[in-house]
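Dear colleague,

I am passing on the structure below, and after it I describe what was found there. Please have it open while you read.

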Amino acid sequence: MSARICRIAGIGLFCAVFMGPVRRLSGQETRRQPQAQNSQQSQYRDQAQNSSEEQAQQNVRSFRGKVSQKENSFSMEELLHRTQYRLADTWEVKRFVGKIVRVTGWLDKDQKTLHVKSMSLAP
């Protein structure tokens with residue numbers, strides 16, 4: 001009878017020692033799975049955002065208009081359609097305020113923003 005008790009105790013000890021870590025590992029895997037899904041989703045989001053920016057940058061064209069400044073932001077009124085666009089990616093625009101310029105860049109129609117690649121005085 002004591003041999004039978006020893007076997008049962010041995011089996012119980014075996015299960016406690018080796019099955020406990022298995023349960024802990026499976027719990028860690030379920031925690032890691034959402035993290036992997038989140039990183040994969042953000043990777044797809046970043047790729048989609050980069051591809052839309054690349055596509056927009058391929059649509060580079062020229063605009064002609066008058067530059068104005070309101071506080072610390074710059075805008076340009078396109079002369080052809082009389083449309084006001086906010087100027088982004090600007091540097092040294094201050095010297096063009098009040099002048100008619102030719103801006104080369106790409107247009108974000110949703111935000112009404114013109115991303116400037118280059119700017120010069122228009123003839």
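**The salt bridge**

Glu77 and Arg82 form a salt bridge in which the closest N and O atoms are 3.7 Å apart, where a salt bridge means a side-chain nitrogen of Lys or Arg within 4 Å of a carboxyl oxygen of Asp or Glu. A search of the whole structure finds 1 salt bridge. Glu77 counts as partly exposed because its relative accessibility is 28%, whereas Arg82, at 58%, counts as exposed; buried means under 20% relative accessible area, exposed over 50%, and partly exposed in between, with a 1.4 Å probe and protein chains only.

**How to read the model**

This is a predicted model, in which local features need pLDDT of at least 70 and side-chain atom pairs count only at pLDDT 80 or more, while totals for chains, interfaces and linings use all residues. Residues are numbered from 1 along each chain as its sequence is written, and side-chain values use heavy atoms, with hydrogens and water left out.

Strands are DSSP runs (E, at least two residues), numbered from the N terminus, and two of them pair if DSSP finds at least two bridges between them. β1 pairs with β4 in the antiparallel sense over 6 bridges, and Ser62 stands opposite Thr104 in β4. β1 and β2 also pair in the antiparallel sense, over 6 bridges, with Ser75 in β2 as the bridge partner of Ser68. These two strands, β1 and β2, form a hairpin with 2 residues between them, and Glu71 in the turn has a positive phi of about 55°.

Not counting residues up to four places away in sequence, Val67 is in contact (heavy atoms within 4.5 Å) with residues including Met76, Leu87, Val101 and Met119.

**A buried histidine**

His115 is found in strand β5 and counts as buried because its relative accessibility is 14%. Its side chain makes a polar contact of 3.1 Å with the side chain of Asp89, a polar contact being a pair of N or O atoms within 3.5 Å, where within protein one must be able to donate a hydrogen and the other to accept it, and residues adjacent in sequence count only if both atoms are side-chain atoms.

Best regards

Technical notes: Helices (H or I, at least four residues) and strands (E, at least two) are DSSP runs, numbered from the N terminus.
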